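Subject: The structure we talked about

Hi there,

Here is the structure for you to open alongside this note. Below it I have written up what turned up when I went through it.

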Amino acid sequence: KASLLKAGLPLGASFILGMLLMHTLDTFGGNSATMRTIPVAVETQPLPARPAAAPSLQPSYCDLIAQVDEQGKTLSYNKMHVTDVLRVLGESLSPLTFVQIGAHVGGVNASHDDTMALTRQYGWSGLLVEPNPFLFRELHRRYRDWPNLYFAQVGVGPADGNMTFYAVSGNIDPETGKALDGGRDRQWFTTQLSTFDAKIARARMRQVPMQPMPVAVYTFPSLLLHRGGPIKNPHYILIDTEGY
């Protein structure tokens, strides 16, 4: 993908995402103080004029993030895509570590990022988390020979324990939605509809075959402690679950 970043914006983007990830780790109970950061000079473009009651001479990183949606797509004047930011991080941090929650079968997620391609290019270390056993089996098959990748067939929640997970059944191709058993073909995103929410599951079961099953659940700090291998303070966290 062609980079659309202006001169000076790549380093600024690296700083921006780093600050956001440190805030995320604090929220989950991680220790962001131990993360490595890169001091950079941030060059930015002025934001559009603001009302006199709220003057601003320079945009802060919060101002910049406010111009980008949760998928990393630009809402206004910046042309910053999540893949551009990740590429800057990959070139700046060695080795970069990440956690992907809702990994599906790899390379299929709502943000349309290039995490797995960049992982191969830069030799990143990552923890791939997928609670659906049918998808996890395919995820592990595809990437088990990649070095520095770790796998966890678990969920992430507010407390350690077990929760009922409503998994879309394994007789549907995870990328096309086509039936694997001669049954009815589904839409391509059907296998992304699994959920821990019983109310949502009951509504979806009218159209989609789902199986309730117990799944181990960890808080995010426990996940890193027990299943993350050497990944203790990830630089990058991708969450693609429950429709988000």
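Before going on, a word on the ground rules. This is a predicted model, in which local features need pLDDT of at least 70 and side-chain atom pairs count only at pLDDT 80 or more, while totals for chains, interfaces and linings use all residues. Residues are numbered from 1 along each chain as its sequence is written, and side-chain values use heavy atoms, with hydrogens and water left out.

β4 and β6 pair in the parallel sense over two bridges. (Strands pair if DSSP finds at least two bridges between them; helices, H or I of at least four residues, and strands, E of at least two, are DSSP runs numbered from the N terminus.) These strands belong to an open sheet of three with the order β4-β6-β5 and mixed pairing. β4 and β5 are at the edges with a single partner strand each, so one side of each has no neighbour in the sheet. Lying across β4 and β6 is α7, which runs at about 80° to β6. (Axes are lines fitted to C-alpha atoms, for helices over the stretch in contact, and angles run from 0 to 180 degrees between N-to-C directions.)

Thr219 sits in the loop between β6 (210–218) and α7 (220–227). Is Thr219 buried or exposed? With 18% relative accessibility, Thr219 counts as buried. (Buried means under 20% relative accessible area, exposed over 50%, and partly exposed in between, with a 1.4 Å probe and protein chains only.) The Thr219 side chain makes a polar contact with the side chain of Ser222 at 3.1 Å. (That is a pair of N or O atoms within 3.5 Å; within protein, one must be able to donate a hydrogen and the other to accept it, and residues adjacent in sequence count only if both atoms are side-chain atoms.)

Leaving aside neighbours within four places in sequence, Thr219 is in contact (heavy atoms within 4.5 Å) with Val156, Gly157, Pro158, Ala159 and Asp160. Ala159 is in the loop between β4 (155–156) and β5 (161–168), and is partly exposed at 44%.

**The parallel sheet**

A second topic is an open sheet of four strands, in the order β3-β2-β1-β7 with parallel pairing. Its edges are β3 (149–152) and β7 (236–239); each has a single partner strand, so one side of each is left without a neighbour in the sheet. From one strand to the next, the twist averages 10°. β1 (residues 97–101) and β2 (residues 125–129) pair over five bridges, and Ile101 has Val129 in β2 as its bridge partner.

**Salt bridges and a covered helix**

How many salt bridges does the structure hold? There are two, a salt bridge being a side-chain nitrogen of Lys or Arg within 4 Å of a carboxyl oxygen of Asp or Glu. One joins Glu138 to Arg141 at 2.6 Å, N to O, with both residues in helix α5 (residues 133–143). Glu138 also forms a salt bridge with Arg142, at 2.8 Å between the closest N and O atoms. Shared partners make Glu138, Arg141 and Arg142 one network.

Finally, helix α3 (residues 82–92) is mostly covered, with eight of its eleven residues buried; among them are Val82, Leu86 and Leu89.

Best wishes
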